[in-house]
Amino acid sequence: MICILNSILIFVVYTYIHMKLLIVEDEPNLLSILRKGFAENNNEVSVALDGRTALEMIHNYTFDVVILDVMLPDINGIEICRRLRAGKNFVPVLLLTALGTSENIVTGLNAGADDYLVKPFKFGELDARVNALNRRANQDTEKIDTIVISDLEINGRAKTVKRDGEPIVLTAKEFKLLYYLAKNSGRIVSRDQILDNVWDINFDMNTNVVDVYINYLRKKIDKPFATKLIHTMKGLGYVIQP
């Protein structure tokens with residue numbers, strides 16, 4: 001597909017992505033079944049075989065739902081949940097557990113898990129639960145009212161932007177990009193992370209679409225004002241901060 005945006009030619013290769021999932025499971029046969037099943041439903045599936053790798057991936061990338069086995073070879077799923085919630089990371093987590101007693105289930109939920117499923121299970125039930133968690137998370141995100149960075153005010157529910165009290169009109173994609181940068185205020189995000197989280201499709205990573213949209217935002221968010229908020233970190237990506 002070829003897009004022409006403000007006389008700039010962008011080559012785009014994509015497929016629709018429903019959800020971005022992380023499966024944390026060390027049992028190869030089950031992992032293969034889950035990965036195949038979710039991928040066939042147009043989900044982007046990443047995998048981790050142990051807890052340390054899972055925590056690193058969750059820190060570096062954004063996922064819609066994490067499917068997390070309790071019994072892992074290093075850090076167990078309960079401890080991973082505790083660390084995520086202690087770090088203010090509220091990605092939806094569904095625990096897979098062979099321990100079906102009410103005490104074990106309560107322990108998992110109290111650690112911060114959003115749902116659980118006892119092994120063995122049918123894939124259809126897991127798929128339905130994961131979809132429900134994703135819908136609930138999207139509804140909760142829409143309830144977030146305002147992010148304020150210096151004199152920039154972004155209303156996530158109303159999809160409005162003001163700077164120094166002046167309304168700024170953005171396209172839907174410009175707003176989504178700005179909102180993603182603002183949610184990660186003070187943290188450098190790479191072009192690949194932006195593509196993963198702002199565009200719900202798989203792009204050819206050689207595309208310059210991120211740079212094009214950053215330029216659009218700068219013209220509206222930064223150019224009319226003395227203080228610049230959107231910064232390029234050479235070789236790393238972009239960050240929004242005063």
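Axes here are lines fitted to C-alpha atoms, for helices over the stretch in contact, and angles run from 0 to 180 degrees between N-to-C directions. Helices (H or I, at least four residues) and strands (E, at least two) are DSSP runs, numbered from the N terminus.

The model is predicted: local features need pLDDT of at least 70, side-chain atom pairs count only at pLDDT 80 or more, and totals for chains, interfaces and linings use all residues. Residues are numbered from 1 along each chain as its sequence is written, and side-chain values use heavy atoms, with hydrogens and water left out.

The overall picture, then. The protein has eight helices and 13 strands. Of its 242 residues, 43% count as buried, where buried means under 20% relative accessible area, exposed over 50%, and partly exposed in between (1.4 Å probe, protein chains only).

Now the helix pair. Helix H6 (residues 172-183) packs with helix H8 (residues 209-222) at an angle of about 85°, the axes being 10 Å apart. That makes H6 roughly perpendicular to H8; angles under 35 degrees count as roughly parallel, over 145 as roughly antiparallel, 65 to 115 as roughly perpendicular and the rest as oblique. On the H6 side, the contact (heavy atoms within 4.5 Å) is made by Lys173, Glu174, Leu177, Leu178 and Leu181. H8 contributes Tyr213, Ile214, Tyr216, Leu217, Lys220 and Ile221.

Next, Asp69. UniProt, in an unreviewed entry, places the feature "modified residue: 4-aspartylphosphate" at Asp69; such annotations may be inferred rather than shown by experiment. Asp69 is found in strand E5 (residues 65-69). Is Asp69 buried or exposed? Asp69 is buried, with a relative accessible area of 3%. Leaving aside residues up to four places away in sequence, Asp69 touches Val24, Glu25, Asp26, Gly77, Leu96 and Lys119.

Gly77 also belongs to the buried residues of helix H3 (residues 77-86), with Ile78, Ile80, Cys81, Leu84 and Arg85. Seen down the axis of H3, these fall within an arc of 160°, so they line one face of the helix; the arc is that of the directions from the helix axis to the C-beta atoms. They pack against helix H2 (51-60), E5, strand E6 (93-97) and helix H4 (102-110).

Last, the backbone. Lys119 is joined to Pro120 by a cis peptide bond, with omega about -10°. Pro120 is in the loop between strand E7 (115-118) and helix H5 (123-142). Lys88, in the loop between H3 and E6, has a positive phi of about 65° although it is not a glycine. Lys88 counts as exposed, at 64% relative accessibility.
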